[in-house]
Every structure is written in structure tokens, then in C-alpha cells.
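Have the sequence and the structure open while you go through them.

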Amino acid sequence: MEDSKQSEEPLRISYDETNRNWIDGWKLYYWRFGGGRAQYVRLMLEFAGCAYTEPLNVFEAGVTTTTRLEESTWWMKQFAMVNAIRGKDDDDSKTAFAPPILVHDDNFVLAQTPAIMLFLADLFPSLKPSNLLQMARARQMLCQVVDVLQEAGSASHPIDPHQSYNLQKEAADKAIVEFAKKGGRMSSHLALLTSELKRNQNGQAWFYGNNVTFVDIAAATFMRAFGESMKFLKREDLYLKDDNYAALRAHRERFEATEIYQ
């Protein structure tokens, strides 16, 4: 009975930095339908050498539901676990709006993918440029990836942003192709990332210096999602045959060939 009461108490945030082991003690909360925005956080943790768990892994991943009732049940079980971390709107216990949510030592909560990535880059400086001006540009590039992610997400849910992709698939597939087509909206975002990549060794290395930074993680992860989405839609030509994406495709291949990624 005591355990039940304790689990219902809102998670309390501590700002005490002392006696924290930043390598261990991490928990990542994210919905169980695939990579999503949590993949950016997972890779940051992996490249930082951190140990972490994903409590929502108790649910089967990628369930394809056939009815609204089945989907609602699958989601509500996950919502219950996430709500225990992010709190409620009406009792001053709110800690986060939505996953991905990263928790350390069960008493510090951080959400929003770019905020988490920048926080981890501060904790593990090898994952960010050492040059102050490069760091300023790196923040801009991360924001650019967030922008294109947001627009891609809107295309994936063109009818109802709160309804799953599967329940609006026909309209979503058309919107995604329109967004990703050659000369479309997405190409402008990727043109900026390409220009920035080519400022270092003409695009043959990483975005900044000789090491992987959070921008490399963000850009390569987005390009993978782009490529996989086009494969799923049987429109791989939009990913593979646009020469404007050649540098970013090659960058993704280099990133995925790293020992840590594999």
C-alpha cells in the first residue's frame, strides 16, 4: 500500500549537482513506436558513453493497431507511465510537456530534444565545438534540424495532429511526398545544412573539427529518418537521386560507420 502511494506522488526536481555520476543513472521516456525524436537523445547518450534505461520498453514496440479501441488502450498504458514523470496540469507537479523526457537519478527531469542535446553536450564537451563562434553556429544548425522535424511531423499528421499516422495514412503520405519532393520545402532546410557541412574540409568530414558533435548526430539522424521514410513510401528516388543531398547522404554513411554507432 505504501509503495502505491509513493508511486502516485509527483516527481520532485532537485537542482543539487553534488554527488552526481553523469555516466550512470539516466532514464529515457519515449513512446514505443520506433525511433522518433528520442533517437537523437539515445545517440547523444551513446556517444557520451552513458548508461541508460528506457522504462517504456515494457510495452511491445511498433504495435500496428486495427481499431481505435486497441490503439487507445496501447497509448493509455504508456500515458500512465509518462504522466507519473511529467506530472499534471492542475497540481503544480508539471515537469515536462511531452517525451522525449530524460531523467537523472530519479530527481532531475529535462524534456525537449534540443534542450536535452545541448545539456548533454555541456556535460560531455567532446560532443560540441570548442570554438565559441562554431558553437553559436552549431546551435543554429540544431534549431534548423528541429524546424525541419516539426514540418515533417506536421506533414505526417495533416488531418489531426493528435491522431496517429496510421489513422490518417492516405492524406499523410501525400503530404509527406509533397514536403520531400525535389525543390520542395524540405530541400531549403537541407541546403543550409549542406552549406554548413561543406565549410569544414568541403563536406568530407564532420560539421566542426575532427570529432562528432551534436550537430553530426542531429543531421545524420534526420537523414536516416528521411531515407527510411522514403523507402517505406516507395519513393526512394526523393532521397537517393537528388544530387543536392549527396554530401549529407555521405555524411550519414560516415556517421553510421563509426564504432559507437554500430
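Where is the place of Ala-225?

1. Ala-225 is in helix H8. Before going on, note that this is a predicted model, where local features need pLDDT of at least 70, side-chain atom pairs count only at pLDDT 80 or more, and totals for chains, interfaces and linings use all residues. Residues are numbered from 1 along each chain as its sequence is written, and side-chain values use heavy atoms, with hydrogens and water left out. Helices (H or I, at least four residues) and strands (E, at least two) are DSSP runs, numbered from the N terminus.

2. Back to Ala-225: it counts as partly exposed because its relative accessibility is 37%. For these labels, buried means under 20% relative accessible area, exposed over 50%, and partly exposed in between (1.4 Å probe, protein chains only). The C-alpha atom of Ala-225 lies 8.5 Å from that of Gly-35, although 190 residues separate the two along the chain.

3. Now the sheet. It is open, has four strands in the order E2-E1-E3-E4, and its pairing is mixed. Two strands pair here if DSSP finds at least two bridges between them.

4. Going through the pairs, E1 (residues 26–29) and E2 run parallel and are joined by two bridges. E1 and E3 run antiparallel, with four bridges. Lys-27 is a handy landmark: its bridge partner in E2 is Thr-53, and in E3 it is Val-103.

5. H2 touches E1, E2 and E3, and its direction makes about 165 degrees with that of E1. H4 (residues 113–123) touches E1, E3 and E4, at about 125 degrees to the direction of E4. Contact means heavy atoms within 4.5 Å. Axes are lines fitted to C-alpha atoms, for helices over the stretch in contact, and angles run from 0 to 180 degrees between N-to-C directions.

6. E3 (residues 101–104) and E4 (residues 108–111) are worth a look together. Four bridges join these antiparallel strands, and Leu-102 stands opposite Leu-110 in E4. Three residues lie between the strands of this hairpin, where Asp-105 takes a positive phi near 55 degrees.

7. Next, H4 against H8 (214–232). Their axes come within 10 Å and cross at roughly 145 degrees. Met-117, Leu-118 and Ala-121 of H4 meet Phe-214, Ile-217 and Ala-218 of H8. By class that is six nonpolar, no polar and no charged residues. Ala, Val, Leu, Ile, Met, Phe, Trp, Tyr, Cys and Pro count as nonpolar, Asp, Glu, Lys and Arg as charged, and the others, Gly among them, as polar.

8. H5 (residues 132–156) and H7 (residues 185–198) have axes that come within 10 Å and cross at roughly 160 degrees. That makes the two roughly antiparallel. On the cut-offs, angles under 35 degrees count as roughly parallel, over 145 as roughly antiparallel, 65 to 115 as roughly perpendicular and the rest as oblique. Residues in this contact include Met-141, Val-145 and Val-148 of H5 and Met-186, Leu-192 and Leu-193 of H7. The class count is six nonpolar, three polar and five charged.

9. Lastly, H10 (residues 246–256). The axes of H7 and H10 come within 9 Å and cross at roughly 65 degrees, and the two helices are therefore roughly perpendicular. Leu-190, Leu-193, Thr-194, Leu-197 and Lys-198 of H7 touch Ala-247, Leu-248 and His-251 of H10. These residues divide into five nonpolar, two polar and one charged. The buried residues of H10 include Arg-249, Arg-252 and Glu-256 as well as Leu-248 and Phe-255. Their cover includes H2 (38–48), H7, H8 and H9 (237–240).
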